[in-house]
Amino acid sequence: MSEEKKSFILYCTWEEQIELLDMTQRGELLTALFAYENRGECYDGGDKLIMMAFRAMRVAMDENRAKWEARAQRSRENGALGGRPKKNRAGSMGFDPKTGKPVSVNEKENESVFSSVSGAPKPRSDTVFLKEYMRQMHEAEAQAAE
């Protein structure tokens with residue numbers, strides 16, 4: 001079995017099966033589950049109750065492993081794509097909806113957040129930094145006070 005996977009699931013619904021076993025059998029079953037998950041070893045002991053419980057649990061463990069392997073493969077493929085683009089040093093305001101490229105503060109510095117006619121905020125698809133917004137608010141207050 002894979003050395004990457006570090007856990008497996010024990011379901012609460014298995015409690016009824018486990019309660020039918022005595023403490024020695026429970027220990028043997030738990031040992032068999034770890035051996036199967038870590039090394040792929042199937043239980044080959046002579047106890048038929050343990051064998052029945054193990055086989056029922058093994059099916060769920062195999063399904064969980066298949067799901068985990070599929071998710072891990074998707075993650076590897078997505079990681080090979082390179083991940084998220086790096087932010088600009090000046091700070092990123094988001095992505096330009098037309099080009100899909102990051103837009104920095106310096107590129108949008110002269111663009112006003114407010115409409116020149118109504119004073120209402122312009123509809124924008126990118127994120128506006130609070131600092132830029134506050135700067136423009138102070139400028140508008142200073143002009144109104146004059």
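Tutor: The model is predicted, so local features need pLDDT of at least 70 and side-chain atom pairs count only at pLDDT 80 or more, while totals for chains, interfaces and linings use all residues. Residues are numbered from 1 along each chain as its sequence is written, and side-chain values use heavy atoms, with hydrogens and water left out.

Helix α3 itself runs over residues 48–80, which gives it 33 residues, and it reaches 47 Å from its first C-alpha to its last. Its buried residues (under 20% relative accessible area, with a 1.4 Å probe and protein chains only) are Ile50, Met51, Ala53, Phe54, Met57, Ala60, Met61, Asn64, Arg65, Trp68 and Ala72. At the N-terminal end, Asp47 caps α3, with a side-chain oxygen 3.0 Å from the backbone nitrogen of Leu49. Just after α3 comes Gly82, which takes a positive phi of about 110°.

The partner to follow next is α2, a helix of 17 residues that reaches 24 Å from its first C-alpha to its last. α2 and α3 pack at an angle of about 30°, with their axes 10 Å apart, the axes being lines fitted to C-alpha atoms over the stretch in contact. The two helices α2 and α3 are therefore roughly parallel to each other, a description kept for angles under 35 degrees. Contact, meaning heavy atoms within 4.5 Å, is made from the side of α2 by Gln25, Glu28, Leu29, Ala32, Leu33, Tyr36 and Glu37, and from the side of α3 by residues including Leu49, Ile50, Phe54, Met61 and Arg65.

Seen from its own side, α2 has Gln25, Leu29, Ala32, Leu33, Ala35, Tyr36 and Glu37 as its buried residues, and these pack against α1 as well as α3. At the start of α2, a side-chain oxygen of Asp22 reaches to within 3.1 Å of the backbone nitrogen of Thr24, and after α2 comes Gly40, whose phi is positive, near 75°.

Methods: Helices (H or I, at least four residues) and strands (E, at least two) are DSSP runs, numbered from the N terminus. The expected span of a helix is 1.5 Å times one less than its number of residues. Buried means under 20% relative accessible area, exposed over 50%, partly exposed in between (1.4 Å probe, protein chains only). A polar contact is a pair of N or O atoms within 3.5 Å; within protein, one must be able to donate a hydrogen and the other to accept it, and residues adjacent in sequence count only if both atoms are side-chain atoms. Axes are lines fitted to C-alpha atoms, for helices over the stretch in contact, and angles run from 0 to 180 degrees between N-to-C directions. Angles under 35 degrees count as roughly parallel, over 145 as roughly antiparallel, 65 to 115 as roughly perpendicular and the rest as oblique.
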